[in-house]
Amino acid sequence: MRYFFITQDKTLPCAIQYRDFDINGPRHVFSRQEAERLSDDVVLYLAGSGLEARWDFLQCPVTMFSERFMDILDAYEQDLFFQEVVFIHKENSLQYRYVHILMDEIDVAGESTRYYPNGTVERLVLDGRKIGTRNLFMLPGNHRKDPIVSLALAESLLRRNPVGICFEEVEVG
């Protein structure tokens, strides 16, 4: 099986801008274990003219997909936690719905993974046996904090012509 890191394309022109956050700034990654710490829904206000492009995948301030992908994600990974996030552009009376996704962190680094002396990953190699049937997950600890998706899920997302999603293949041993 093939797997990919999924990341936000930060090079798109005319993208939405948060009123209270830097979209290219720092982010926080929540795991499923932290679900009870979060409120049921979140509202974020947007700046700009209201005509900006809206990405289908955002990583700042948290990992979010546009709501149109929620059913697809749920079909591939049944134990995800979804939190509704509503973006509001007050000046133009616009609302956009997203879902903040909390997924499991699982240690699927293979024996061939190489680490630097400080413990960060030099070369990541996933162990397919440890992954099992998972289609969407994160790595724990000092590993990269971008979600990992299976080829099947990546293809399913790509068939819907997403805006602002990049994929980077991860080696599997």
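Predicted model: local features only at pLDDT ≥ 70, side-chain atom pairs only at ≥ 80, totals over all residues.
**Note on salt bridges, ring pairs and the sheet**

1. Arg-129 forms a salt bridge with Asp-127, and the closest N and O atoms of the two are 3.3 Å apart. Elsewhere, salt bridges that share partners join Glu-77, Asp-79, Asp-104 and Arg-134 into one network.

2. One link of that kind can be looked at by itself: the side chains of Arg-134 and Asp-79 meet in a salt bridge, with a distance of 3.6 Å from N to O. Arg-134 lies in the loop between helix H2 (128-131) and strand E11 (136-137), whereas Asp-79 lies in the loop between H1 and strand E6 (81-89), so the pair ties together parts that are 55 residues apart in sequence. Arg-134 is partly exposed, with a relative accessible area of 24%, and Asp-79 is also partly exposed, with a value of 28%.

3. How many salt bridges does a search of the whole structure find? The search finds 12, and one of them is formed by the side chains of Asp-56 and Arg-68, at 2.8 Å from N to O. Asp-56 belongs to the loop between strand E3 (41-47) and strand E4 (57-58), and Arg-68 to the loop between strand E5 (64-66) and helix H1 (70-76), so this pair ties together parts that are 12 residues apart in sequence. Is Asp-56 buried or exposed? Asp-56 is buried, at a relative accessible area of 6%, while Arg-68 is partly exposed, at 44%. As background to these pairs, side chains of opposite charge can pair when their charged atoms come close.

4. Turning to the rings, a search of the whole structure finds 5 aromatic pairs. In one of them, the rings of Phe-4 and Phe-167 have their centres 6.4 Å apart and their planes at 80 degrees; pairs with planes over 60 degrees apart count as edge-to-face, and this pair is therefore edge-to-face. The pair links distant parts of the chain, with Phe-4 in strand E1 (residues 3-8) and Phe-167 in strand E13 (residues 165-172), 163 residues apart. Phe-4 counts as buried at 9% relative accessibility, whereas Phe-167 counts as partly exposed at 25%.

5. Two further features involve phenylalanine rings. Ring pairs link Phe-57, Phe-65 and Phe-69 into a cluster, and, in a separate arrangement, the charged end of Arg-144 sits over the ring of Phe-5, 3.9 Å from its centre.

6. Which strands form the open sheet, and in what order? There are 5 strands, in the order E10-E13-E1-E12-E11, and the pairing is mixed. The edge strands are E10 (125-126) and E11, each of which pairs on one side only. Within the sheet, E1 and E13 run antiparallel and are joined by 6 bridges, and for Tyr-3 the bridge partner in E13 is Val-170.

7. A helix accompanies these strands: helix H3 (residues 151-158) lies across E1, E11, strand E12 (148-150) and E13, and H3 runs at about 90 degrees to E12. When viewing the structure, the reader can begin with strand E1, which holds Phe-4, is joined to E13 by 6 bridges, and is among the strands that H3 lies across.

Key:
Residues numbered from 1 in each chain as written. Heavy atoms only, no water. Salt bridge = Lys/Arg side-chain N within 4 Å of Asp/Glu carboxyl O. Helix = DSSP H or I, 4+ residues; strand = E, 2+ residues; numbered from the N terminus. Buried < 20%, exposed > 50% of the residue type's maximum accessible area, 1.4 Å probe, protein only. Phe/Tyr/Trp six-rings, centres within 6.5 Å; stacked < 30°, edge-to-face > 60°. Lys NZ or Arg CZ within 6 Å of the ring centre and 35° of its normal. Pairing = 2+ DSSP bridges. Contact = heavy atoms within 4.5 Å. Axes fitted to C-alpha atoms, helices over the stretch in contact; angles between N-to-C directions.
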